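The briefing below is arranged by topic and is meant to be read with the model open alongside it.

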Amino acid sequence: MQVVIVKFTIFKRLAFSHMVIILFVLFLTGYMTFKLNQLNCLTRSIASVDSETIGNIERLLEAIFSQVGFEKKYLISKDEDFFRKFWEIQDYVIEDMKRMENNADTSEKKVLYADSSVLYNTYVSLFKEEADLLVKGKEYAFKVYQDKREGMVNEINQNL
């Protein structure tokens, strides 16, 4: 049995090393394309969820601030139209809050949503309590109620 030794010439060595380099570059190109595609899909997913969330937050804050305006108008004028409008806007706020709850994809967002929801419900019940006192003609500390409600609205705004 005779062993055949193949000698690699310089040309064969160069060609082989270039082939290895080319295969390595092709492998890296394929891998990078795959990873960039994954990153692109993730970015689109985040952008669509976050842009929807931002839109919901903007609508929600606009509705809450509008509701605060009608609350103040009612407390000053005692006009029933302002009172009805306050409660109409609550439907929009609740609808937007439900959308936000569906978009809350992290535990931090869920906690902020829950805190905002509790604060909003407390705000509404505080207004209802004050409106009942106003209708009954009882004396109450207007400034105390107003400060509490403003603090709650500011905290909701910060959470959102």
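In which helix does Leu75 lie? Leu75 lies in helix α1, and the model in which it is placed is a predicted one.

- Leu75 is buried, with a relative accessible area of 8%, and, once residues up to four places away in sequence are left out, it touches Phe127, Glu130, Leu134, Tyr140, Phe142 and Arg149.
- Although Leu75 and Val135 are 60 residues apart in sequence, their C-alpha atoms are 10 Å apart in space.
- Tyr74 also has its place in helix α1, and it counts as buried because its relative accessibility is 2%, where the cut-off for buried is under 20%.
- Beyond four places in sequence, Tyr74 touches Asp79, Glu80, Phe82 and Phe83, and it also touches Phe127, Ala131, Leu134 and Val135.

- Ile10, whose place is in helix α1, is exposed, with a relative accessible area of 61%.
- The C-alpha atoms of Ile10 and Arg84 are separated by 92 Å, and the two residues are 74 apart along the chain.
- Ser77 lies in helix α1 and counts as partly exposed at 39% relative accessibility, while its C-alpha atom is separated by 38 Å from that of Asn102, 25 residues away along the chain.
- Lys78 is found in the loop between α1 and α2, where it counts as partly exposed at 49% relative accessibility.

**Packing of α2 with α3**

- Helix α2, residues 80–103, packs with helix α3, residues 107–136, at an angle of about 170 degrees, and their axes are 11 Å apart.
- That angle makes α2 roughly antiparallel to α3, because angles over 145 degrees are counted in this way.
- On the α2 side, the residues that meet α3 are Phe83, Phe86, Trp87, Gln90, Val93, Met97, Met100 and Glu101, and on the α3 side they are met by Tyr113, Ser116, Ser117, Tyr120, Tyr123, Val124, Phe127, Lys128 and Ala131.
- Sorted by class, the contact of α2 with α3 holds twelve nonpolar, three polar and two charged residues.

**Helix α3 and two of its residues**

- With 30 residues, α3 reaches 43 Å from its first C-alpha to its last, which is close to the 44 Å expected at 1.5 Å a residue.
- The residue that follows α3 is Gly137, and its phi is positive, near 75 degrees.
- Ser116, which has its place in helix α3, counts as buried at 0% relative accessibility, and its contacts outside four places in sequence are with Met97, Ile156, Asn159 and Leu160.
- Tyr120, with its neighbours within four places in sequence left aside, is in contact with Ile64, Gln67, Gln90, Val93, Met97 and Ile156.

**The largest nonpolar core**

- In soluble globular proteins, nonpolar side chains tend to be buried together.
- The largest nonpolar core in this model has 29 residues, and those with the most contacts inside it are Ile64, Val93, Tyr120 and Tyr123.
- Two or more residues are given to this core by each of the elements α1 (10–77), α2, α3 and α4 (142–159), and α3 gives the most, with ten residues.
- Of the residues with the most contacts inside the core, Tyr120 is in contact with both Ile64 and Val93.

Terms used
Residues numbered from 1 in each chain as written. Predicted model: local features only at pLDDT ≥ 70, side-chain atom pairs only at ≥ 80, totals over all residues. Heavy atoms only, no water. Axes fitted to C-alpha atoms, helices over the stretch in contact; angles between N-to-C directions. Helix = DSSP H or I, 4+ residues; strand = E, 2+ residues; numbered from the N terminus. Parallel < 35°, antiparallel > 145°, perpendicular 65-115°, else oblique. Contact = heavy atoms within 4.5 Å. Nonpolar A, V, L, I, M, F, W, Y, C, P; charged D, E, K, R; others polar. Core = buried A, V, L, I, M, F, W, Y, C linked by side-chain atoms within 4.5 Å. Buried < 20%, exposed > 50% of the residue type's maximum accessible area, 1.4 Å probe, protein only. Expected span 1.5 Å × (residues − 1).
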